[in-house]
Structures are given as structure tokens and as C-alpha cells.
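Hello,

Here is the structure we spoke about. My notes follow below it.

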Amino acid sequence: MLRSLATRKYPDILKKLLVRDLREGGRLAIVYGPQGSGKTTLLEWVARGVYEIYGPDEVIIWRGQEDCLWADFLEMGIPVRILYLGPEPIIVDGITGEPVGLDVPIVPVETPQAVLDACHPDYVNVLYIHATDPLDFTARWLEVFKLLRYKPHGWVSLFFDEIEDLAPANAQGELWNLNKEIARMVKEFRKNLTSLYAATQNHFDLDFRVKGKFQFKIYLAGAIVPDKSRVWQKAVDALPKGWGWVEGTKFEPFCFDPLPKGPKLKVLNYAI
Ligand SMILES: Nc1ncnc2c1ncn2[C@@H]1O[C@H](COP(=O)(O)OP(=O)(O)OP(=O)(O)O)[C@@H](O)[C@H]1O
Ligand SMILES: [Mg+2]
């Protein structure tokens, strides 16, 4: 149930994305928009909402990337834990390149199957999965997705920025098959109380089978709207920065504010 949303000024869209109702299950939402349109910021809004509203009742998993945007959560006073599958991530200052010491737990995970047990509620659990190439990246994340599907658990929300890395459009060979499996797992998320909040610049960069599974499609200013969408391209073109349209709910534009920015950090050994 949605608790205490009135206490903070949340963007209206969040109220829909943050509903937790057993009959409806997990929420699947994807954010589209060009570079700098606020996709990551909107994902951070959702993650902050989950943390503030559901705290100990929900596990938050945030995809770890080379650019450590999770540092924004530290700036917002939200505790972060780093989980890694592979070599220990080397976190450096994004400008000087000097290693930084952070007061953040950095926890090794032995196998994809151990990921959920390593996650703690009341934190943003940043998950770094080491991969040798894009195929390996998708294969390893698929293991985690399978786990989220089959293991009986409470509410989980998974934040996947730049999801085209996971399921790129026009994949060939084995990656094509893996994308199909990813789409199958995502479809099952809802009834297993897993929410997926994803972002990518262009809808055509994402595998069409995965793309088709999202119940909410959010177009930020400058986004390219697919032909068959019920949202008008003209309406999206007219949006100022910080605004968006949602497909999958009542038609209305929404706006969101910027969030505090954390220190610029980089992880050296987790680029795919
Ligand atoms: N609602 C907003 N109003 C004004 N500025 C914003 C808003 N949301 C984000 N910004 C600012 O715009 C910049 C880009 O935001 P953000 O990184 O979220 O965009 P993005 O779509 O994820 O970009 P990229 O494609 O490069 O990852 C940041 O400096 C951020 O603080
Ligand atoms: Mg971004």
C-alpha cells in the first residue's frame, strides 16, 4: 500500500510507479529520453521513493556501472552497499583518478544465485556483475533474473539504467536467444513481486521482446515515440526539460525536479 506520500512532494508519476498491491504485483516501467533528459534522475526518484516508503519491506537492487551514479544516494542520505560478482571494484575519483575510500560496505558475491541473500533491505544494493563481453554480461544478468523469478521472496525493485546493454536490439546468434529468455523472465516479474525500472535513450536500441513487457512507458523531453504509441510525438516534442508523458496510465504530463548530485566517482574494472 502507498504510505505517507503526502509528506513529501513526489512527482505524480511516482505515485503510480510506487503502488505495491499484491493483486497487481510488481511494476514494470521504462524511461525513454535523449542524453541529459533526466532518465537517471527519474530512476533515482523512484529508488528514493521505494527506500523512503517501504524501507525494510523491500529490497532495492541498482545496476552498478562504470560511472558511479549511485553516489547520488549518499548525497541524499540513503545508505548504499556495493555487491560484486567478479573482481573487487576499484573505485576512483572521477576527475583525479585517485582511489577513494568510502564508508560503504563492499561485499563479494560468489555466484549469481547468492545475490538475493547478499542484498539487504533499507539500503540501495548496487550490484556489479563482471563480464568479459556483451554476451557474457547478458548471460550473467539472466542468472540473476531467473533467480528473481523462481525464488519466493518479498518485494524487490530492480533499477536498470542503460538497459540496452542487457538486451540490445538486432542481436545475433546466442545473444538473440538470451534476449528472448530475458523477456520471458521480465514477464514473470510482476507475479513474483519484482518491479523493474529501466531506462534507455531510444526505444529502437532495445530488443523488441523485452521492450514489449513494460506496462508503463515514460517519454521525457526529446524522446522518440514509437509509431504505434498512444502518446503523440508532438506532445513529447513540446515538453520542457524535467517533464514527461506516460503511456500505460491516464494521459497526463508530469514533472520532476533535479536531485542532489554525489561526488563524481568511477569504477575502473567494470566496463563492458
Ligand atoms: N527535472 C530536472 N530539471 C532540471 N535539471 C535536471 C532535471 N533532471 C535532471 N536534471 C539535470 O540534468 C542533467 C542530466 O540528468 P540525467 O543524468 O538524469 O540525464 P540522463 O537522461 O540520464 O542522461 P544520460 O543519457 O547522459 O545518461 C543532470 O545534471 C541533472 O541534474
Ligand atoms: Mg543517465
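Please keep in mind that this is a predicted model.

I began with strand E8, residues 194-200. Seven of its seven residues are buried. In a regular strand, side chains alternate between the two faces of the sheet. Here both faces are covered: Thr194, Leu196, Ala198 and Thr200 are buried on one side, and Ser195, Tyr197 and Ala199 are buried on the other.

E8 has strand E1 (residues 28-32) as a parallel partner, joined to E8 by five bridges; Leu28 is bridged to Leu196 of E8. E7 also runs parallel to E8, again with five bridges, and Val156 has Thr194 in E8 as its bridge partner. From E7 the chain passes through H6 to reach E8, a β-α-β crossover that is right-handed.

Two non-glycine residues with positive phi came up. Asp122 has phi near 70° and sits in the loop between helix H4 (115-118) and strand E6 (124-129). Asp122 counts as partly exposed because it has 16 C-beta neighbours inside 10 Å. Asn170 has phi of about 55° and belongs to the loop between strand E7 (155-160) and helix H6 (173-189). Asn170 counts as exposed, because it has 11 C-beta neighbours inside 10 Å and the cut-off for exposed is 12 or fewer.

Last, the ligand. Ligand 1 is surrounded by 14 residues, of which the closest are Gly38, Lys39, Thr40, Thr41 and Gly242. By class, this shell consists of nine polar, three charged and two nonpolar residues.

Regards

Conventions
Residues numbered from 1 in each chain as written. Chains lettered and ligands numbered in written order. Predicted model: local features only at pLDDT ≥ 70, side-chain atom pairs only at ≥ 80, totals over all residues. Near = placed C-beta within 6 Å. Nonpolar A, V, L, I, M, F, W, Y, C, P; charged D, E, K, R; others polar. Helix = DSSP H or I, 4+ residues; strand = E, 2+ residues; numbered from the N terminus. Buried ≥ 20, exposed ≤ 12 C-beta atoms within 10 Å, placed from the backbone. Pairing = 2+ DSSP bridges. Right-handed = clockwise from strand over helix to strand, strands pointing away.
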